[in-house]
Amino acid sequence: MKLKNIIIIAIASLFTHIATSQEGLPIYTDYLTDNYYLIHPSMAGIANCSKVRLTARQQWFGQEDAPKLLTLSLNGRLGDTPSAIGGIMFADENGYHSQKGAYFTYAHHLLFSRSELDLNMLSFGLSAGFIQYQLDETTFLFDGPDPAIDGIVQNETNFNIDFGFSYHYLNFYAHGTIKNVLKNNALNTDIGTIKTDNLRRYLFSIGNVFSKFGSTWSYEPSLMFQYRDATQEASIDINAKVYKKMDFGKVWGGLSYRNSFDGAEYIEGSTINSQKLQQLSPILGINYNNFMFAYNYTYQTNSVVFTNGGFHQLTLGYNFNCKRERFKCECPAVN
């Protein structure tokens with residue numbers, strides 16, 4: 001294999017690892033499809049309805065053993081109390097690696113406003129669960145005995161917790177979460193565990209919804225920053241969404257741009273170049289009565305990749321046990 005091909009494959013693998021590394025629930029743009037609870041446990045039960053969300057994502061569509069993800073989440077309030085619970089199950093596959101996990105969440109919401117008309121609320125959430133990691137070495141190809149390859153299916157199950165907070169004030173919101181707080185046991189400990197036993201990740205989100213009084217249109221810019229503790233990798237999502245109220249519910253769309261602050265070098269001819277992960281994800285959604293449907297497609301703009309497109313994601317949702325809208329605000333995640 002030519003050196004150029006080796007480098008291209010290595011670069012493609014690097015960016016795939018950044019987006020879908022085996023460290024709990026991967027973080028894509030599905031949180032923008034009315035599903036902030038997937039990444040922020042403090043968002044459990046924040047809305048006036050209980051919510052079920054099912055997400056399916058396929059990467060590099062048409063390629064064998066390409067990364068794919070399934071998630072199922074449920075969250076809602078405990079009656080009229082400020083407490084809420086939720087649960088998440090997911091299955092993630094990426095070539096020889098796969099992981100399955102389940103989390104249970106408890107959240108508590110503190111209302112600071114004098115009445116429910118003006119939204120001023122601080123929320124805390126704690127998720128605890130198990131993740132099973134799997135590495136299938138049975139089909140690995142090698143020319144002879146290799147001490148790093150056992151030729152078996154390796155498994156490791158770990159317990160971990162996520163903790164976070166959310167603050168809502170009228171149309172403004174902010175979230176902060178620490179994911180994978182505890183250290184894990186790692187697969188392949190003989191090759192160094194510094195990158196696999198510490199899976200701690202920090203997430204920060206901020207946004208605001210803008211709308212004129214009486215208008216059926218609203219606009220929501222937001223940011224989401226994430227930082228991985230062990231490798232010191234960081235990236236940011238710059239998001240914009242627009243909503244249109246209809247008689248049957250709401251139609252909405254948006255665009256998300258993800259940029260990594262860390263990159264990789266590659267050789268092109270006699271020149272050493274570098275590139276960083278850059279992705280564009282258009283999103284379309286509709287809320288019809290208590291049902292929700294959303295689709296987003298991710299396009300990777302980098303020059304050296306396995307493929308630029310083929311990233312499809314569908315989200316189906318259902319709202320139940322709904323109560324009246326309590327707050328006079330343009331706050332889709334709450335009302």
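Select Arg57 and Tyr28 to start: Arg57 lies over the face of Tyr28, at 3.9 Å from the ring centre. A charge counts as sitting over a ring if NZ of Lys or CZ of Arg is within 6 Å of the ring centre and within 35 degrees of the ring normal. What you're looking at is a predicted model, where local features need pLDDT of at least 70 and side-chain atom pairs count only at pLDDT 80 or more, while totals for chains, interfaces and linings use all residues. Residues are numbered from 1 along each chain as its sequence is written, and side-chain values use heavy atoms, with hydrogens and water left out.

Now pick Lys241 and Trp252. The charged end of Lys241 sits over the ring of Trp252, 4.6 Å from its centre.

The structure holds nine aromatic pairs (rings of Phe, Tyr and Trp, using its six-membered ring, with centres within 6.5 Å; planes under 30 degrees apart are stacked, over 60 edge-to-face, the rest tilted). Tyr243 and Trp252 make a tilted one, 6.5 Å centre to centre with 40° between the planes. Are these two buried or exposed? Both Tyr243 and Trp252 are buried (buried is under 20% relative accessible area, exposed over 50%, partly exposed in between, with a 1.4 Å probe and protein chains only).

Strands here are DSSP runs of E, at least two residues, numbered from the N terminus.

Strand β12 (residues 271-288) and strand β13 (residues 291-300) pair in the antiparallel sense over eight bridges; strands pair if DSSP finds at least two bridges between them. They form a hairpin with two residues between them, and Asn289 in the turn has a positive phi of about 55°.

Time for charges. How many salt bridges does a search of the whole structure find? It finds nine, each a side-chain nitrogen of Lys or Arg within 4 Å of a carboxyl oxygen of Asp or Glu. Select Lys179 and Asp162, whose closest N and O atoms are 2.9 Å apart. Lys179 is in strand β7 (residues 172-179) and Asp162 in strand β6 (residues 153-169). Lys179 is buried at 9% relative accessible area, and Asp162 is buried at 3%.

Last stop: select Asp34, Lys51 and Arg53, which are linked in a network of salt bridges.

Conventions: Helices (H or I, at least four residues) and strands (E, at least two) are DSSP runs, numbered from the N terminus.
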